[in-house]
Amino acid sequence: MTTAPAPGRDEGSVHPDETAPPAAPDRDERAEEWADKLWAAVRAADEYTAADVITNALEAGLPAETALLDVIGAVQRRVGTEWAANRMSVADEHAATAINDRVIALLPRQRPAAPLGRVTVACVDKEWHALPARLLAETLRLRGWEVGYLGAQVPTAHLVSQIHRSGATAVCLSASLPTRLPPAHAAITAVQAIGTPVMVGGLAFGADGRHARSLGADAWAREARAAADRLAAGPLPRPRPPHQAVDDLPHLADQEYTMVSRTARSLVRETFQRLEQRFPAMRDYDDAQRERTAEDLAHIVDFLAAALYVDDADVFTGFLTWTADVLTARGVPARSLLPGLDLMEEQLHDFPRARGLIESGRTALAPHS
């Protein structure tokens, strides 16, 4: 069968970004102990104890930036890992994230006497994973910047309007999922068109920043400390003159991305219907199983489109192998992904790049099947 869930599989969106290993800056040896304490509080959904942990850590002399990145940030990464391993439900994950977001407010917030400059920090349109951007915004505040933090899913037009009003001299954009790369590209080019440089970060841009470069960003940072260090080192490069997406990504001229993204719903619907026809056992699925199957097919198409956009098979194969691990942890065999890929390929016979990506996906899944 395809990606039909086993009983008890959690609902919710995918979170491959939060299962990635953290960067490895020099760490205060005390941070791990405080992170363990915060983890215990977060796991128990005990906001009061979580607040006490951060307050006590600061009173014990732990630097605020260390508390932010090596305690709160470290716990949030662990939340993602535990969810992927099926040791936390989606509800547990959401509760933990909300607690982490609230305890950030306990960090000191003094207005700098002589600000280093003004920076806008935002998530690109359709990006809901706001905590990485929040961590950067708070790091910059702690270091003496004036920060306009806009939060999750900021439409590009509203982002540009805010920059005009605020007079920000740089914009930091965050995206965690590669499916956000097309709107990220639109935001980068729009902000650059008004003469403001853009630094990007987040797992969407690749662990090595490859997609930051391919989308024409003016700078890339692996994590919050690196981003703050780069801004402190001097102004970002002056943006290029206004240009079109195809100028950065010439392969878009073949229209495969455009066609797949525009027909995504019908592609998912047709794939689902063909699965029902070829695998009669699907007719016995309950409503939850059918819904999960359709959601998984939609995620596959979304990541296929993202891989077409940046012409990078790793975007697609990385998602499939991550999904295979998540399914396995929930008792669903990874080979259940293969029939859906086969049926999608049948429908994409006129799209050579898409078919090549699907073949790469099959190859990547072989060790997991």
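Predicted model: local features only at pLDDT ≥ 70, side-chain atom pairs only at ≥ 80, totals over all residues.

Reader: OK, helix 2. Where does helix 2 run, and how many residues has it?

Author: Helix 2 covers residues 47–59, which is 13 residues. From first C-alpha to last it reaches 18 Å, close to the 18 Å expected at 1.5 Å a residue.

Reader: What caps its N-terminal end?

Author: Aspartate 46 does. One of its side-chain oxygens lies 3.3 Å from the backbone nitrogen of tyrosine 48.

Reader: Which residues of helix 2 are buried?

Author: Ala50, Val53, Ile54 and Ala57. Seen down the axis of helix 2, these buried residues fall within an arc of 90 degrees, so they line one face of the helix.

Reader: Why would residues with gaps between them point the same way?

Author: An α-helix has 3.6 residues a turn, so residues three or four places apart point the same way.

Reader: And what do the buried ones pack against?

Author: Three helices: helix 1 (31–43), helix 3 (64–84) and helix 4 (90–103). On the other side of helix 2, Tyr48 and Glu59 are exposed.

Reader: Switching topic. What's the strand order in the sheet?

Author: The order is 2-1-3-4-5, in an open sheet of 5 strands with parallel pairing. Strand 2 (146–149) and strand 5 (219–221) are the edge strands, each pairing on one side only. On average, neighbouring strands are turned by 25 degrees against each other, direction ignored.

Reader: How many bridges join strand 1 to strand 3?

Author: There are 5, between residues 118–123 of strand 1 and residues 170–174 of strand 3, and the two run parallel. Within that pair, valine 121 stands opposite cysteine 172 in strand 3.

Reader: Which helix lies across those two strands?

Author: Helix 6, residues 156–166, lies across strand 1 and strand 3 and runs at about 165 degrees to strand 1. Helix 9 (residues 224–232) also packs on the sheet, touching strand 1, strand 3, strand 4 (198–201) and strand 5. The direction of helix 9 makes about 165 degrees with that of strand 4.

Reader: One last spot, threonine 139. Is it buried or exposed?

Author: Buried, because its relative accessibility is 0%, and the cut-off for buried is under 20%. Threonine 139 is found in helix 5 (residues 131–142).

Reader: What does threonine 139 touch?

Author: Not counting residues up to four places away in sequence, threonine 139 touches Glu65, Leu68, Leu69, Ala224 and Ala228.

Definitions and conventions. Residues numbered from 1 in each chain as written. Heavy atoms only, no water. Helix = DSSP H or I, 4+ residues; strand = E, 2+ residues; numbered from the N terminus. Expected span 1.5 Å × (residues − 1). Buried < 20%, exposed > 50% of the residue type's maximum accessible area, 1.4 Å probe, protein only. Arc of directions from axis to C-beta. Contact = heavy atoms within 4.5 Å. Polar contact = N/O pair within 3.5 Å; in protein donor to acceptor, adjacent residues only side chain to side chain. Pairing = 2+ DSSP bridges. Axes fitted to C-alpha atoms, helices over the stretch in contact; angles between N-to-C directions.
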